[in-house]
Amino acid sequence: MNNNERLYKISEIADIAKVNKTKVWRYIRDNNISERSMKGNAKLYSEHTKDVIIKAFSNESVHLATEAKADTSRILLEQIGILKGELERKNDQLDKMQSLLDQQQQLNLSTNRQNEKLLDNNNPSQDDNPLQNDDTDVSEPTEGNYKGVENKTPKKGLFGWLRR
């Protein structure tokens with residue numbers, strides 16, 4: 001070891017290479033690079049080791065960065081295309097649903113008008129017809145059964161037996 005040779009810590013190499021310290025540490029570990037010396041707990045690496053690591057990251061980072069950006073861009077563009085297609089389909093579905101709702105409202109309105117006309121034709125107003133006797137609820141008074149009190153006939157129905 002030359003006394004005038006500069007030694008570098010992992011953090012210094014990472015700063016020079018403009019990468020994370022963890023990346024530099026993993027590169028050293030994966031390539032079985034040994035430190036030149038130790039200063040406390042810090043491992044120190046030679047100038048030559050520093051250059052090798054920086055060169056590896058500069059080559060790797062240029063290619064990986066461009067490839068990663070291209071892959072990411074391609075994937076994002078594909079996802080955008082897929083999402084645009086889905087959005088268009090959903091908009092079409094909403095338009096169809098809105099038109100169906102409009103048709104349903106028009107049909108309901110038409111049906112209600114027809115029902116009102118039918119009811120008006122079947123039930124003329126009381127002014128048009130004289131009063132009719134409806135003997136479903138009350139018996140007609142006769143000489144033998146009229147005592148000043150009306151006798152109601154029991155209404156027929158599901159729960160008619162409860163009213164007795």
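1. Let's start with helix 1, which spans residues 10-17 in this predicted model. Its buried residues are Ile10, Ile13, Ala14 and Ala17. These residues sit on the same side of helix 1, because the arc they cover around the axis is only 100°.

2. What does the backbone do just after helix 1? Lys18 takes a positive phi of about 60° there, although Lys18 is not a glycine. This residue belongs to the loop between helix 1 and helix 2. With a relative accessibility of 75%, Lys18 counts as exposed, because the cut-off for that class is over 50%.

3. You will find Asn32 in the loop between helix 2 and strand 1. Is Asn32 buried or exposed? Its relative accessibility is 70%, so Asn32 counts as exposed. For context, most residues other than glycine have a negative phi.

4. Now to the core. The largest nonpolar core holds 14 residues, and the members that touch the most others are Ile13, Val24, Ile28, Ile53 and Phe57. Which elements give two or more residues to this core? They are helix 1, helix 2 and helix 3.

5. The ring centres of Tyr27 and Phe57 are 5.5 Å apart and the planes stand at 55°, so the pair is tilted. An angle over 60 degrees would have been needed for edge-to-face. Tyr27 belongs to helix 2 and Phe57 to helix 3, so the pair ties together parts 30 residues apart in sequence. Both Tyr27 and Phe57 are buried.

6. How many salt bridges does a search of the whole structure find? The answer is 6. One of them joins Arg36 to Glu5, with the closest N and O atoms 2.8 Å apart. This pair links distant parts of the chain, 31 residues apart: Arg36 is in the loop between helix 2 (21-30) and strand 1 (37-39), while Glu5 is in the segment before helix 1. Arg36 has 38% relative accessibility and counts as partly exposed. Glu5, at 24%, counts as partly exposed too.

7. Another salt bridge brings together the side chains of Arg29 and Asp30, at 3.2 Å from N to O. Arg29 has a relative accessible area of 44% and is partly exposed.

8. The last point concerns helix 3, residues 47-122. Lys50 and Glu47 both lie in this helix, 3 residues apart, about one turn. Their salt bridge has its closest N and O atoms 3.2 Å apart. Lys50 counts as buried, because its 10% relative accessibility falls under the 20% cut-off. Glu47, in contrast, is partly exposed at 27%. Which residues are linked in a network of salt bridges? They are Glu47, Lys50 and Asp51.

Terms used: Residues numbered from 1 in each chain as written. Predicted model: local features only at pLDDT ≥ 70, side-chain atom pairs only at ≥ 80, totals over all residues. Heavy atoms only, no water. Buried < 20%, exposed > 50% of the residue type's maximum accessible area, 1.4 Å probe, protein only. Helix = DSSP H or I, 4+ residues; strand = E, 2+ residues; numbered from the N terminus. Arc of directions from axis to C-beta. Salt bridge = Lys/Arg side-chain N within 4 Å of Asp/Glu carboxyl O. Core = buried A, V, L, I, M, F, W, Y, C linked by side-chain atoms within 4.5 Å. Phe/Tyr/Trp six-rings, centres within 6.5 Å; stacked < 30°, edge-to-face > 60°.
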